[in-house]
Amino acid sequence: MAEAAKWFRKSAEQGDNKGQYCLASCLESGRGVPRVRRDKRLSLSTPLHLTTAPDYPGRNVLCDTLHIVRTLRYFCSSLGNGGPRTTVMDPDYAEAAHWYRLAAEQGHGQAQNQLAQLLEAGRGCDKNLAEAGEWFLQAAEQGLTQAQYHLGRCYSYGPLSKNEIQ
(Lines give C-alpha, C1' and ligand atoms only; values in the text may rest on other atoms or scores of the structure.)
Protein backbone atom coordinates (compact mmCIF):
# COMPACT_ATOMS: atom_id res chain seq x y z
CA MET A 1 0.00 0.00 0.00
CA ALA A 2 2.94 2.34 0.59
CA GLU A 3 3.85 2.12 -3.10
CA ALA A 4 0.27 2.97 -4.08
CA ALA A 5 0.25 5.97 -1.70
CA LYS A 6 3.52 7.19 -3.23
CA TRP A 7 1.97 7.26 -6.71
CA PHE A 8 -1.30 8.74 -5.45
CA ARG A 9 0.76 11.58 -3.91
CA LYS A 10 2.59 12.21 -7.20
CA SER A 11 -0.75 12.38 -9.01
CA ALA A 12 -2.32 14.54 -6.28
CA GLU A 13 0.53 17.03 -6.28
CA GLN A 14 -0.02 17.55 -10.01
CA GLY A 15 -3.64 18.50 -9.36
CA ASP A 16 -5.44 15.28 -10.34
CA ASN A 17 -8.63 15.06 -8.29
CA LYS A 18 -8.69 11.23 -8.38
CA GLY A 19 -5.14 11.12 -7.05
CA GLN A 20 -6.04 13.69 -4.38
CA TYR A 21 -9.04 11.62 -3.33
CA CYS A 22 -7.06 8.35 -3.18
CA LEU A 23 -4.20 9.97 -1.23
CA ALA A 24 -6.69 11.50 1.20
CA SER A 25 -8.31 8.07 1.65
CA CYS A 26 -4.91 6.56 2.48
CA LEU A 27 -4.18 9.36 4.95
CA GLU A 28 -7.59 9.07 6.61
CA SER A 29 -7.30 5.31 7.06
CA GLY A 30 -3.57 5.31 7.80
CA ARG A 31 -2.86 2.75 5.05
CA GLY A 32 0.47 3.06 3.26
CA VAL A 33 1.41 6.41 4.81
CA PRO A 34 3.20 7.49 7.98
CA ARG A 35 0.80 8.07 10.84
CA VAL A 36 0.76 10.81 13.45
CA ARG A 37 2.47 9.63 16.63
CA ARG A 38 1.08 10.43 20.06
CA ASP A 39 1.55 8.96 23.51
CA LYS A 40 -1.46 7.55 25.27
CA ARG A 41 -1.80 6.39 28.85
CA LEU A 42 -3.38 2.97 29.04
CA SER A 43 -5.70 1.72 31.73
CA LEU A 44 -7.09 -1.67 32.63
CA SER A 45 -10.22 -0.70 30.69
CA THR A 46 -8.23 -0.28 27.45
CA PRO A 47 -9.26 -3.08 25.07
CA LEU A 48 -6.45 -5.60 24.72
CA HIS A 49 -6.47 -5.46 20.94
CA LEU A 50 -5.51 -1.76 21.15
CA THR A 51 -2.46 -2.30 23.35
CA THR A 52 1.09 -3.12 22.42
CA ALA A 53 2.81 -5.87 24.35
CA PRO A 54 6.17 -4.81 25.84
CA ASP A 55 7.90 -7.89 24.39
CA TYR A 56 6.68 -7.15 20.89
CA PRO A 57 7.15 -3.43 20.14
CA GLY A 58 4.83 -2.23 17.41
CA ARG A 59 2.87 -5.49 17.18
CA ASN A 60 -0.81 -5.44 18.10
CA VAL A 61 -1.84 -7.86 20.79
CA LEU A 62 -3.98 -10.68 19.49
CA CYS A 63 -6.45 -12.36 21.80
CA ASP A 64 -4.48 -15.48 22.59
CA THR A 65 -3.58 -16.55 26.08
CA LEU A 66 0.15 -15.85 25.96
CA HIS A 67 -0.30 -12.25 24.82
CA ILE A 68 -3.08 -11.63 27.33
CA VAL A 69 -0.97 -12.93 30.21
CA ARG A 70 2.05 -10.85 29.16
CA THR A 71 -0.09 -7.75 28.75
CA LEU A 72 -1.72 -8.20 32.17
CA ARG A 73 1.71 -8.66 33.78
CA TYR A 74 2.85 -5.47 32.08
CA PHE A 75 -0.21 -3.58 33.36
CA CYS A 76 0.22 -4.89 36.90
CA SER A 77 3.94 -4.02 37.00
CA SER A 78 3.23 -0.52 35.67
CA LEU A 79 0.38 0.48 37.99
CA GLY A 80 2.71 1.99 40.61
CA ASN A 81 4.12 4.35 37.98
CA GLY A 82 0.77 5.83 36.99
CA GLY A 83 0.04 3.10 34.48
CA PRO A 84 1.62 1.96 31.26
CA ARG A 85 2.00 4.18 28.21
CA THR A 86 2.01 3.26 24.57
CA THR A 87 2.55 5.08 21.32
CA VAL A 88 -0.63 5.35 19.30
CA MET A 89 -0.40 5.86 15.56
CA ASP A 90 -3.34 7.96 14.41
CA PRO A 91 -4.42 8.58 10.82
CA ASP A 92 -3.44 12.04 9.58
CA TYR A 93 -6.90 13.60 9.39
CA ALA A 94 -5.56 17.13 8.84
CA GLU A 95 -3.64 16.20 5.69
CA ALA A 96 -6.54 14.01 4.55
CA ALA A 97 -8.91 16.99 4.89
CA HIS A 98 -6.48 19.11 2.84
CA TRP A 99 -6.42 16.64 -0.07
CA TYR A 100 -10.16 15.93 0.12
CA ARG A 101 -10.78 19.69 -0.09
CA LEU A 102 -8.60 20.06 -3.19
CA ALA A 103 -10.40 17.19 -4.92
CA ALA A 104 -13.83 18.40 -3.72
CA GLU A 105 -13.20 21.87 -5.13
CA GLN A 106 -12.63 20.20 -8.51
CA GLY A 107 -16.04 18.51 -8.28
CA HIS A 108 -15.05 15.02 -7.06
CA GLY A 109 -18.27 13.77 -5.43
CA GLN A 110 -16.73 11.16 -3.13
CA ALA A 111 -14.17 13.71 -1.93
CA GLN A 112 -17.00 16.17 -1.25
CA ASN A 113 -18.78 13.53 0.84
CA GLN A 114 -15.64 12.56 2.78
CA LEU A 115 -14.69 16.19 3.42
CA ALA A 116 -18.22 16.83 4.68
CA GLN A 117 -17.90 13.91 7.11
CA LEU A 118 -14.59 15.26 8.45
CA LEU A 119 -16.11 18.74 8.81
CA GLU A 120 -19.17 17.33 10.56
CA ALA A 121 -17.02 15.42 13.06
CA GLY A 122 -14.27 18.05 13.38
CA ARG A 123 -11.56 15.55 12.39
CA GLY A 124 -8.47 17.21 10.98
CA CYS A 125 -10.29 20.54 10.69
CA ASP A 126 -12.59 22.77 12.68
CA LYS A 127 -16.10 21.41 13.12
CA ASN A 128 -18.35 23.28 10.69
CA LEU A 129 -21.85 21.87 10.22
CA ALA A 130 -22.95 24.50 7.71
CA GLU A 131 -19.97 23.85 5.43
CA ALA A 132 -20.43 20.09 5.88
CA GLY A 133 -24.01 20.47 4.71
CA GLU A 134 -22.91 22.41 1.63
CA TRP A 135 -20.45 19.67 0.66
CA PHE A 136 -23.04 16.93 1.33
CA LEU A 137 -25.47 18.86 -0.89
CA GLN A 138 -22.96 19.19 -3.75
CA ALA A 139 -22.13 15.48 -3.60
CA ALA A 140 -25.80 14.51 -3.29
CA GLU A 141 -26.68 16.58 -6.36
CA GLN A 142 -24.15 14.49 -8.30
CA GLY A 143 -26.14 11.39 -7.38
CA LEU A 144 -23.83 10.04 -4.67
CA THR A 145 -26.15 7.93 -2.53
CA GLN A 146 -23.97 8.12 0.59
CA ALA A 147 -24.11 11.92 0.47
CA GLN A 148 -27.87 11.81 -0.09
CA TYR A 149 -28.19 9.67 3.03
CA HIS A 150 -25.93 11.98 5.08
CA LEU A 151 -27.77 15.07 3.88
CA GLY A 152 -31.13 13.52 4.76
CA ARG A 153 -29.79 12.49 8.17
CA CYS A 154 -28.55 16.04 8.79
CA TYR A 155 -31.95 17.48 7.92
CA SER A 156 -33.98 14.96 9.91
CA TYR A 157 -31.85 14.66 13.05
CA GLY A 158 -31.05 18.29 13.48
CA PRO A 159 -27.41 19.29 12.96
CA LEU A 160 -28.54 21.25 9.91
CA SER A 161 -31.65 23.10 8.97
CA LYS A 162 -32.60 24.01 5.41
CA ASN A 163 -31.73 27.66 6.12
CA GLU A 164 -28.10 26.84 7.02
CA ILE A 165 -27.30 25.30 3.63
CA GLN A 166 -26.82 27.67 0.72
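Modeller: Helices α4 and α5 pack at an angle of about 140°, with their axes 8 Å apart. Axes are lines fitted to C-alpha atoms, for helices over the stretch in contact, and angles run from 0 to 180 degrees between N-to-C directions. This is a predicted model, where local features need pLDDT of at least 70 and side-chain atom pairs count only at pLDDT 80 or more, while totals for chains, interfaces and linings use all residues. Residues are numbered from 1 along each chain as its sequence is written, and side-chain values use heavy atoms, with hydrogens and water left out.

Colleague: What does that angle make α4 relative to α5?

Modeller: It makes α4 oblique to α5; under 35 degrees is roughly parallel, over 145 roughly antiparallel, 65 to 115 roughly perpendicular, and the rest oblique.

Colleague: Which residues in α4 and α5 meet?

Modeller: From α4, Y93, A96, A97, Y100, R101, A103 and A104 meet A111, Q112, Q114, L115, L118 and L119 of α5. Contact here is heavy atoms within 4.5 Å. By class, that contact has 10 nonpolar, 2 polar and 1 charged residues.

Colleague: Is α5 mostly buried or exposed?

Modeller: 10 of the 13 residues of α5 are buried, so α5 is largely enclosed by the rest of the structure. Buried means under 20% relative accessible area, with a 1.4 Å probe and protein chains only. Among them are G109, N113 and E120.

Colleague: What covers those buried residues of α5?

Modeller: The cover includes α2, α4 (93–105), α6 (129–141) and α7 (145–157).

Colleague: And what happens just after α5?

Modeller: G122 sits there with a positive phi of about 75°.

Colleague: Switching topic: how do α1 and α2 pack?

Modeller: Helix α1 (residues 2–13) and helix α2 (residues 17–29) pack at about 135°, with their axes 7 Å apart. That makes α1 oblique to α2. In α1, A5, F8, R9, S11 and A12 meet G19, Q20, C22, L23, C26 and L27 in α2.

Colleague: Last one: where is A140 found, and what is A140 in contact with?

Modeller: A140 is in helix α6, and counts as buried at 11% relative accessibility. Leaving aside neighbours within four places in sequence, A140 is in contact with A147, Q148 and L151. A140 and L151 are 11 residues apart in sequence and 7.5 Å apart in space, C-alpha to C-alpha.

Note on methods. Helices (H or I, at least four residues) and strands (E, at least two) are DSSP runs, numbered from the N terminus. Buried means under 20% relative accessible area, exposed over 50%, partly exposed in between (1.4 Å probe, protein chains only). Ala, Val, Leu, Ile, Met, Phe, Trp, Tyr, Cys and Pro count as nonpolar, Asp, Glu, Lys and Arg as charged, and the others, Gly among them, as polar.
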